[in-house]
Amino acid sequence: MSEPLSPETIAIVKATAPVLQEHGVAITTRMYERLFVDPEIKALFDEAAFRSGEQPKRLAGAILAFAKNADRVEAIQGAVDKICARHVETHIKPEHYPAVANALLPAIRDVLGDAATDEILDAWGKAYWYLADIMINREKILYGEAH
């Protein structure tokens with residue numbers, strides 16, 4: 001299990017919730033643009049859901065929910081479980097998570113510019129890997145159940 005987030009990291013992530021409310025879809029849209037330069041990763045996604053804007057909207061909502069609940073992840077456990085089940089259905093593996101981090105964090109800076117300080121990006125990097133670890137561990141169980 002991943003190390004808990006520090007109170008400082010939680011405070012920074014929670015403080016970004018209003019910005020995510022306003023710019024979340026722009027950030028996730030940009031993230032997918034960055035992510036989809038890799039054709040193998042792009043093939044894992046429902047392109048129609050991306051083109052319609054549904055996938056970026058869903059991810060933005062999930063990120064916002066996490067930001068609001070960074071101090072009590074159990075409050076979003078049901079949503080996390082649904083995402084993990086979907087990841088298993090679409091063959092998302094632990095090795096895909098670094099590519100998402102490498103697309104998401106720069107996308108935050110692309111959209112927010114100088115407002116995305118190094119401190120904010122560092123906090124979100126820690127938060128991303130905290131949640132990714134939870135999801136990877138859950139997905140390992142689901143893959144085990146699936147086989």
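Which residues line the largest cavity? The close-ups below, all taken from a predicted model, lead up to that view and then answer the question.

**Figure 1. Helix H2 packs against helix H7.** Two packed helices are described by the angle between their axes and the distance between the axes. Here H2 covers residues 17-35 and H7 covers residues 97-112. Their axes lie 8 Å apart, at an angle of about 130°. The crossing of the two helices is right-handed.

**Figure 2. The residues where H2 and H7 meet.** From H2, the contact takes in Val19, His23, Ala26, Ile27, Arg30, Met31, Arg34 and Leu35. Facing them from H7 are Ala99, Val100, Ala103, Leu104, Pro106, Ala107, Ile108, Asp110, Val111 and Leu112. Sorted by class, this contact holds 14 nonpolar residues, 1 polar residue and 3 charged ones.

**Figure 3. The largest cavity and its lining.** Rolling a probe the size of a water molecule over the atoms shows where empty space is left. Searching the whole structure turns up 1 cavity of 30 Å³ or more, and the largest cavity has a volume of about 40 Å³. And here is the answer to the opening question: the lining is made by Leu20, Ile27, Ile63, Leu104, Ile108 and Trp124. H2 and H7 are the elements that each give two or more residues to this lining. By class, the lining has 6 nonpolar residues, with no polar and no charged ones.

How values were computed:
Residues numbered from 1 in each chain as written. Predicted model: local features only at pLDDT ≥ 70, side-chain atom pairs only at ≥ 80, totals over all residues. Heavy atoms only, no water. Axes fitted to C-alpha atoms, helices over the stretch in contact; angles between N-to-C directions. Helix = DSSP H or I, 4+ residues; strand = E, 2+ residues; numbered from the N terminus. Left-handed = near helix turned anticlockwise from the far one by under 90°. Contact = heavy atoms within 4.5 Å. Nonpolar A, V, L, I, M, F, W, Y, C, P; charged D, E, K, R; others polar. 1 Å grid on protein atoms, 1.4 Å probe; cavity = no way out; pocket = protein on both sides within 12 Å on 5 of 7 lines; lining within 4 Å. Points joined across faces, edges and corners; volume = space filled by probe spheres on them.
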